[in-house]
Amino acid sequence: KEGDIYILDNGRTAKDFMDKKIKEFDSMGGEGPFFVVDLDTLVQKHLKWLSNLPRVKPFYAVKCNSTPTVLKTLSALGTGFDCASKNLLGFQLSVLDIGGGLPGKDIPVTFQECSDVINEALDEYFPLDGGVQIIAEPGRYYVESIFTLAANVIAKRAVMDDVTKDEGRESTERLMMYYLNEGVYGSLNWLLTDPDYIEIKPYLHGAEESREQRYRSVIWGPTCDCVDKIIDNYMIPDLRVGDWFLIEKIGAYSISSRTDYNGFEKAHIYFAVTNETWRTLS
């Protein structure tokens, strides 16, 4: 069972559902890592595609994230599916495939900016009366921003870093080590294969901006492997075992290549969707 679908009512959102699950797990004494997937945002992204690129038929790149619920949702919306391992730009008879690579978030360029460039080129080189069908293979665009990971702090330790001199006085800086129940052999595996694509910024669930002292920290995964490092030199307040970290916008190429290395279970997936959107999809 790849994931459970939860229907949200009374104006609740995927964020509200995340808060609820963390509260439940805390009351039970902890739980493994898990994802909350915002299906409403997935639907909104498809509607935005139709509005911005009306001439381009999307064929979702299944290799990006093959979660069955994602595929069923996109199928209900009428997308096609790209199930091949190749990603070529070119002609096939009367079909132009403009490929993939469109961003799943509006950094460093927005989807609107990409759409404007594509539409201008299509109008110039492939006018409507030319009889050419235009397709694309979006992957990240659909799924990157809809997955949020929740991972638990399972251990911590403090080490004394190098001696520094401040106004003639020698002092040692405290370096914090935190260990999460998810790491680079699980849902964060893209940190090994494509570390420069996303600047990872974990943040503490329920935390508010404060003037609390921050410490230079290293965040590790659970496997005790020296490769299982999530982020280095990260300035955060002192955390407690049992705190939850959230990592947003990691739906692309995370689910599809994660493992259960060293016997650690894969993060469970919960899908959240509003009652209105669920009725539309059904």
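I looked up Glu120 and found it exposed, at 56% relative accessibility (exposed is over 50% relative accessible area, buried under 20%, partly exposed in between, with a 1.4 Å probe and protein chains only). Glu120 sits in helix α4, residues 111–125 (helices are DSSP runs of H or I, at least four residues).

The model is predicted: local features need pLDDT of at least 70, side-chain atom pairs count only at pLDDT 80 or more, and totals for chains, interfaces and linings use all residues. Residues are numbered from 1 along each chain as its sequence is written, and side-chain values use heavy atoms, with hydrogens and water left out.

I then searched the whole structure for salt bridges and got eleven (a side-chain nitrogen of Lys or Arg within 4 Å of a carboxyl oxygen of Asp or Glu).

I noted Lys21 with Glu24, 3.1 Å from N to O. Both residues lie in helix α1 (residues 14–27), three residues apart, about one turn of the helix. Lys21 is buried at 7% relative accessibility, whereas Glu24 is partly exposed at 27%.

I also noted Asp9 with Arg12, whose closest N and O atoms are 3.7 Å apart. Asp9 is partly exposed at 38%, and Arg12 is partly exposed at 29%.

Another entry is Asp232 with Lys229, at 3.3 Å between the closest N and O atoms. Asp232 has 36% relative accessibility and counts as partly exposed; Lys229, at 32%, is also partly exposed. Through shared partners, salt bridges join Lys20, Lys21 and Glu24 into one network.

For the protein overall, I recorded 282 residues, 45% of them buried.

Definitions and conventions. Helices (H or I, at least four residues) and strands (E, at least two) are DSSP runs, numbered from the N terminus.
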